[in-house]
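Below is a short briefing on one protein model and its ligand. It covers a helix, a sheet and the ligand site.

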Amino acid sequence: MSSAGTITPAFPVLTTSPFPAAPAAKPMPVSATLAANEALAARRSRGEPVLPLAFGEAGLPAHPALQEALAAATASNGYGPVAGCAALRAAAAGYWQRRGLPTSPGSVVCGPGSKALLFGLLLATGADVAVPRPSWVSYAAQAGLAGAMPHFVPAAPGEGGICDPDALGAAVTAARAAGREIRSVIVTLPDNPTGRLPRPATVRALCQVAAAHDLVIISDEIYRDLVHDPAAAVLSPAAVAPERTVVTTALSKSFALGGWRIGVARLPEGALGGWLRRQLVGICSEIWSAPAAPIQQAAALAFSEPHNLTERVARSRSLHAAVCRGVAAVCREAGLDVPAPQAAFYVYPDFEPWRAHLGRRHGVTTSQGLAGLLLDRYGAGTLAASAFGEDPKVLRLRLATGLLYGDSEARQEAALAADNPLSLPWIAAQLDRLSEILADLAP
Ligand SMILES: Cc1ncc(COP(=O)(O)O)c(C=O)c1O
């Protein structure tokens with residue numbers, strides 16, 4: 001999506017539920033990422049300049065081979081199997097097999113995006129879930145929708161996407177003592193918002209805690225192929241605790257196909273996995289029936305990973321890495337604390353060194369206030385750390401680089417092909433703009 005259509009209607013809308021007695025009638029705001037994107041689109045439509053760092057979109061064209069595969073499949077008009085067509089399940093099984101996770105097509109369930117599958121999994125487990133603090137905006141929101149409670153557990157120190165294992169054990173015990181049953185834990189490997197990759201030792205320790213407390217591990221690996229250093233050690237919990245780990249992934253990030261809405265889940269073999277799979281397929285059957293048939297055909301090609309497509313993922317990985325490094329360097333030079341980005345297209349700077357100045361000069365004391373200031377004063381869209389479950393006073397922001405690569409396919413292709421994308425004028429100009437903004441804001 002190069003720009004989001006606004007979904008603000010032209011008529012007055014009730015702000016409180018007309019069904020106060022209905023338990024499920026809680027106000028449901030638009031997901032923070034989509035809301036930030038809409039605010040930027042509105043500014044752009046008024047002709048105001050924007051710096052689009054809010055939306056977790058990969059910002060690259062669909063590969064021509066995938067477009068052709070989709071075009072060739074438009075005659076596929078039947079619903080097809082709920083869990084996905086045989087070709088896609090076999091291709092996804094092969095994809096995981098090549099990553100050291102033996103997988104049979106029968107344990108794969110496909111859906112319209114991994115977001116939908118994650119929601120289905122939370123419904124399937126039917127109990128509270130532990131999520132890292134910070135973690136992707138939708139886990140906690142989805143848990144609420146599923147009638148469960150999200151329990152935020154601090155991320156392991158210096159890491160992202162994984163609960164500190166000891167703190168997880170303590171949280172499960174405390175929740176049980178208070179009458180709440182945590183039955184699953186989410187790992188984001190690698191992570192959104194921090195762009196960090198959980199360490200193998202931490203993954204192993206978390207798996208031990210999960211086994212001790214009989215938790216299902218839901219490992220969201222949508223960014224797995226976008227780890228910047230291809231030699232980095234990536235350990236999935238499914239390799240350590242295969243009997244209790246569900247893995248989800250999708251084509252939205254590595255192939256920039258978010259709008260095609262296709263994701264896949266790998267359920268564990270064994271009694272627990274069989275039960276979860278049955279539940280999940282039942283839920284899928286009642287909500288979306290089956291993923292879109294032509295999309296599944298194209299996705300089968302993507303997951304079978306012919307050379308031209310893996311080459312494309314490799315180029316996008318180096319583009320994300322270069323621009324993330326550039327954005328992190330700009331933030332660091334301005335005086336902010338920035339964990340080195342390791343994966344995906346996210347940078348997570350901490351404005352703590354500027355706290356006193358931001359409070360005094362701008363009355364900003366929260367990440368939400370900081371994101372609002374950047375948007376109103378400079379047209380810079382960012383996401384506040386509080387959207388990821390952080391304490392409102394934590395002055396971190398997530399900066400997403402995916403929409404810096406160019407506003408046309410030609411520019412995005414040039415960015416993919418460039419050995420030094422930061423030297424392209426349209427990317428350099430946006431990094432310069434970020435630098436100017438931070439210089440203006442700095443103490
Ligand atoms: C960590 C994480 N998981 C899942 C998703 C959902 O992706 P999709 O539903 O497009 O597969 C996203 C998208 O932003 C994400 O960042």
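Which strands does helix 6 lie across? Helix 6 (residues 165–177) lies across strand 3, strand 4 and strand 5 (182–188). This is a predicted model, in which local features need pLDDT of at least 70 and side-chain atom pairs count only at pLDDT 80 or more, while totals for chains, interfaces and linings use all residues. Residues are numbered from 1 along each chain as its sequence is written, and side-chain values use heavy atoms, with hydrogens and water left out.

**Helix and sheet**
- Helix 6 runs at about 155° to strand 5 (axes are lines fitted to C-alpha atoms, for helices over the stretch in contact, with angles from 0 to 180 degrees between N-to-C directions; contact means heavy atoms within 4.5 Å).
- Seven strands form an open sheet of mixed pairing in the order 2-8-7-6-5-3-4 (strands are DSSP runs of E, at least two residues, and helices are runs of H or I, at least four, numbered from the N terminus; strands pair if DSSP finds at least two bridges between them).
- Strand 2 (108–111) and strand 4 (150–154) are the edge strands, each pairing on one side only.
- From one strand to the next, the twist averages 25°.
- Strand 3 (residues 128–133) runs parallel to strand 4 and is joined to it by five bridges.
- Arginine 133 is opposite proline 154 of strand 4.

**Ligand site**
- An oxygen atom of the ligand lies 2.6 Å from a polar side-chain atom of tyrosine 223.
- For lysine 253, a polar side-chain atom is 2.8 Å from a ligand oxygen atom.
- Lysine 115 has a polar backbone atom 3.0 Å from an oxygen atom of the ligand.

How values were computed: A polar contact is a pair of N or O atoms within 3.5 Å; within protein, one must be able to donate a hydrogen and the other to accept it, and residues adjacent in sequence count only if both atoms are side-chain atoms.
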